[in-house]
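I opened the notebook on a new model today.

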Amino acid sequence: MDCSLVRTLVHRYCAGEENWVDSRTIYVGHREPPPGAEAYILQRHPDNRIVSSKYTFWNFIPKNLFEQFRRIANFYFLIIFLVQLIIDTPTSPVTSGLPLFFVITVTAIKQGYEDWLRHKADNAMNQCPVHFIQHGKLVRKQSRRLRVGDIVMVKEDETFPCDLIFLSSSRADGTCHVTTASLDGESSHKTHYAVQDTKGFHTEEDIDGLHATIECEQPQPDLYKFVGRINVYNDRNDPVVRPLGSENLLLRGATLKNTEKIFGVAVYTGMETKMALNYQSKSQKRSAVEKSMNVFLIVYLCILVSKALINTVLKYVWQSEPFRDEPWYNQKTESERQRNLFLRAFTDFLAFMVLFNYIIPVSMYVTVEMQKFLGSYFITWDEEMFDEDSGEGPLVNTSDLNEELGQVEYVFTDKTGTLTENNMEFKECCIEGHVYVPHAVCNGQVLPGASGIDMIDSSPGAGAREREELFFRALCLCHTIQVKDDDDVDGPRKSPDSGKSCVYISSSPDEVALVEGVQRLGFTYLRLKDNYMEIVNRENDVERFELLEILSFDSVRRRMSVIVKSATGEIYLFCKGADSSIFPRVIEGKVDQIRARVERNAVEGLRTLCVAYKRLVPEEYESVCALLQAAKVALQDRERKLAEAYEHIEKDLILLGATAVEDRLQEKAADTIEALQKAGIKVWVLTGDKMETAAATCYACRLFRRSTQLLELTTKRIEEQSLHDVLFELSKTVLRHSGSLTRDSFSGLSADMQDYGLIIDGAALSLIMKPREDGSCGNYRELFLEICRNCSAVLCCRMAPLQKAQIVKLIKLSKEHPITLAIGDGANDVSMILEAHVGIGVIGKEGRQAARNSDYAVPKFKHLKKMLLVHGHLYYIRISELVQYFFYKNVCFIFPQFLYQFFCGFSQQTLYDTAYLTLYNISFTSLPILLYSLMEQHVSIDTLRRDPSLYRDIAKNALLRWRVFVYWTFLGVFDALVFFFGAYFMFENTTVTSNGQIFGNWTFGTLVFTVMVFTVTLKLALDTHYWTWINHFVIWGSLLFYVVFSLLWGGIIWPFLSYQRMYYVFIQLLSSGPAWLVIVLLITVSLLPDVLKKVVCRQLWPSATERVQTKSQCLSVEQSTIFMLSQTSSSLSF
């Protein structure tokens, strides 16, 4: 083994995984570093081929078969098929082999075709031409031949062929614009920056002369994270080291926009690119219905084994009497007499297993998969869930969870961008206690009637003038906004004087709102040019500030800063962020006045930010710069070192003021939450906003009502009392009333019960989740959960992204195991979306990370109402009927076979013909239930939308509980008894045909089978509430197909059959009058108990759904009666 590999593994596992960070060294242009700089180590990297296909021509058959037989149902039927081949079984191997072959073949053809399309797409991608630099000249070759270290040129509107470090651009400022729609769905232009020391290389000769090495992390799938550094070697000097981040990385699949050309060096190629690493699917989620289905299968497998055991034992008990084991007409050979008794018993047991194996339906899996796949299109085709403004419709990323939408008990929702529009409007700012309210400016549009500046408080004195202008400058400079250019590539720009009409682009709508708002107050941000930020002050003078450092925003710090140098040489650090992250770092300023204003704005539901600054002397800036540079170029623990550096720099600030921005509530968000609560679903809001702001939003969207008694579990209260005391006090409060506000008894609108709402913040949650000194944390968690169960709504504020996922996991794993749904629109919501049973992304303004990682995506929060209350309800009703019906019809199918063994000496004689055994689940009964599971509407869509309480009827997997499962099973047993003994008593009277012949055993089996096919199909027809011409065609067409097939199968002598035991059997059966009478009578008797049960239950114990069905039927009858009377009266008038 290679010694370097051993050394790497030892270092990795002995030093500790958390401290081990692998890296790679890339030689730009494949040029070796200068002598004495560093050792030249040739590294092997994959080529640039993309392989998204699963199979090759040689491994398709073995690999596909292996994958298909990993499914337990396919493997089970394979074993049954092999048993039929090995031993003498009562049924032909065709009966098991043909359905299995059909399923395997259809699946293999589908997967093979899909893989062929992937091969085709891969070849097109791998053979597209790419321009790269070789010996100072531009050379063209196929994309698949690219190697790590090649310098590539990409032109406008071309996609990047691999992951590139951005070296230079045709733009003078060394920037380029890209779109990443094919990666994360975001169509907005993003700005990337070339390496500072290489952005001046604009020609092929210049770029070929670059002498540099890049050190970076090994490939990671995170699209938004990159850690590396570049060493640029100048003539006989030490290398210049520059940090590399995600802003310097151009990803494969992204497209170059508004830039003539760029040069970049390949760092990740082929299957190591971030796009390729993101091909892998997310962890598999399983629905409650699927889990129930697997449990039912195990029960039926136990029934199958029990049947086989009982028949095997009874066979040997029956044969123990003289002459029964060896009748005169079927004497055994000598070898058969010498066989071991246990071996014979085991063989008989396997034979009975084969005989009864049809109770486990192989076609159910195929039908369920087709139902889920085809059913998912009803969501994407729903025009009511299409948003005209954004041009977006709903997306289905997985169809495995359709029915889970009908079982949701908890909804966890983000606030900003989900409940609200994420469309910020600057409302006011407070400077030194003085309040400024510009007229509304939103997304660059001045609202009608806006003019000038409206000062609520008196203007500050001359002494505070400097602080006021410093505040405005801070808002103009402390951001990451880009100014949108003209569409002309590298063409002339607008003059700086036209800055008032600039269009600002940012990943954060808050930043745009603040810069637009301060523009109305006299200060306009123009642009960032050559690392200088230009602003226009109130006197229309252009001020230039050199941008020295950006301390980026992150959700943990909840603030961002910039370090700039003014034209006079003064160095400032401007910092803006949440009040909770700014106030503790302030040493000067009118904190009390500003805090009071912030709290007042928060109560009104406005989003608040505080602004502070400090001056840096040159010596202090040098130390700050050295600290940041050391953290930026670190390859190991870069994020932690940067966080420590930011913490050290952002302290001893002077408070300037605060801003207030309004984020309007989304259309119909309040109606949606009210409908979900009526449906018995508990709604929790998880947000990073401060408590007062979030609470105001919760009141606006009717999560909290005026009658709601709010309970607080916040850091402030825990500081006054211990966590133990606060939890017990809240527990006593919510449990004081005898009525428990659980899902079953609480509608969300109860007037005679006290309505509680809980507010908890992130710090309090950390204390609850933190293990106690004795090592346990369960007591606090259980107490917290008990409080939450008895609250109609919960608001979690000041939540970090990881805490959102912790909350979802805590509820998901509680003792009730409720079904959870998480909905959000931003990258900070991805963790909770992945944690919940069902994750829904809102296609919003914070990018598409949430939509990409979710199971479903919707344009607006209001669409959640129809998604759950209509689509989810119908999906669950349909698939639960499908599962129960499949088990029911297979009990009807196999139980007569079990009874028949008592009348044939347990000889394993089949009751049905081989063709019937094979086609029962494939052809005769499969299509009607598939169509039912796609189209059934037991209640109209308008009724489901209008009456959310109907959702409660299907809660807690109501239609797949044990009671319902046992009812369907016993109904199948009852029907099977009717089929078998009804036909038996008819044959007991020695029914004869018109020519005097007596019916035989195949006629008996055909009679039972005919009654069974008609009964199970008519049972489904009785359960159907929504009839269309397709239903009629499929249901009556299936029965007609059975009759036609039976006539042809028994009415023609087929040359490929060695013997034809069904010849003329079906025709002979239909020629008998008593047989017709028995068929009609047995079908009626079989269906009667189920009809009576439904009538009695509807009259005595109707559910809410049945009451609505009865009401709608009465209305339709009344309307038809009125119509007939009106027609009669009009005809009489003539």
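Which strands does helix H20 lie across, and at about what angle does the helix run to E34? I looked this up in what is a predicted model. Helix H20, residues 691-700, lies across E31 (682-686), E32, E33 (756-761) and E34 (793-797). Its direction is at about 150° to E34.

**Entry: the nine-stranded sheet**

I traced the sheet next. It is open, with nine strands in the order E14-E37-E36-E35-E15-E31-E34-E33-E32. The pairing is mixed. E14 (395-396) and E32 (709-713) are the edge strands, each pairing on one side only. I then checked the E14 end. E14 pairs with E37 (residues 856-858) in the antiparallel sense, over two bridges. Leu395 stands opposite Ala857 of E37.

**Entry: the four-stranded sheet**

I found an open sheet with the strand order E1-E8-E9-E10 and antiparallel pairing. Its edges are E1 (23-27) and E10 (240-244), and each of these pairs on one side only. From one strand to the next, the twist averages 20°. E1 and E8 (residues 212-217) are antiparallel and share five bridges. I noted one partner: Arg24 bridges to Cys216 in E8.

**Entry: confidence**

The protein chain averages a pLDDT of 80, and 84% of the residues score at least 70. Residues 1-21 fall below 50, and this stretch has nine contacts in the model beyond near neighbours in sequence. Residues 486-500 are also below 50; that stretch has 26 such contacts. Where pLDDT is low, predicted coordinates should not be read in detail. I leave both stretches there.

**Entry: the nonpolar core**

How many residues does the largest nonpolar core have? I get 95 residues. Those with the most contacts inside the core are Phe893, Tyr912, Tyr916, Leu1007 and Phe1009. Helix H28 (residues 863-900) gives the largest share, 17 residues. In soluble globular proteins, nonpolar side chains tend to be buried together.

Setting aside neighbours within four places in sequence, Phe1009 touches Phe893, Tyr912, Tyr916, Tyr920, Phe924 and Tyr1042. I also looked for Phe1009 among the aromatic rings. One aromatic cluster includes Phe1009, Tyr358, Phe893, Phe1041, Trp1049 and Phe1066. Tyr912, Tyr916, Tyr920 and Phe924 are among the members of that cluster too.

The structure holds 60 aromatic pairs. I picked out Phe903 and Phe980, a tilted pair at 5.5 Å centre to centre, with 45° between the planes. This pair links distant parts of the chain, 77 residues apart. Phe903 sits in the loop between H28 and H29 (914-924), and Phe980 is in H32 (residues 962-988).

Is Phe980 buried or exposed? Phe980 is buried, because its relative accessible area is 0%. Phe903 has 41%, so it counts as partly exposed.

I then compared a pair within H32. The ring centres of Phe981 and Phe985 are 6.4 Å apart, and their planes lie at 35°, so this pair is tilted. Why are these two separated by about one helical turn? Phe981 and Phe985 are four residues apart in H32, which means a separation of about one turn. Phe981 is partly exposed at 26% relative accessibility. Phe985, with a relative accessible area of 48%, is partly exposed.

Methods: Residues are numbered from 1 along each chain as its sequence is written. Side-chain values use heavy atoms; hydrogens and water are left out. Two strands pair if DSSP finds at least two bridges between them. Axes are lines fitted to C-alpha atoms, for helices over the stretch in contact, and angles run from 0 to 180 degrees between N-to-C directions. Contact means heavy atoms within 4.5 Å. pLDDT is the predictor's confidence in each residue, from 0 to 100. A nonpolar core is a set of buried Ala, Val, Leu, Ile, Met, Phe, Trp, Tyr and Cys residues joined through side-chain atoms within 4.5 Å. Buried means under 20% relative accessible area, exposed over 50%, partly exposed in between (1.4 Å probe, protein chains only). Rings of Phe, Tyr and Trp (its six-membered ring) pair if their centres lie within 6.5 Å; planes under 30 degrees apart count as stacked, over 60 as edge-to-face and the rest as tilted.
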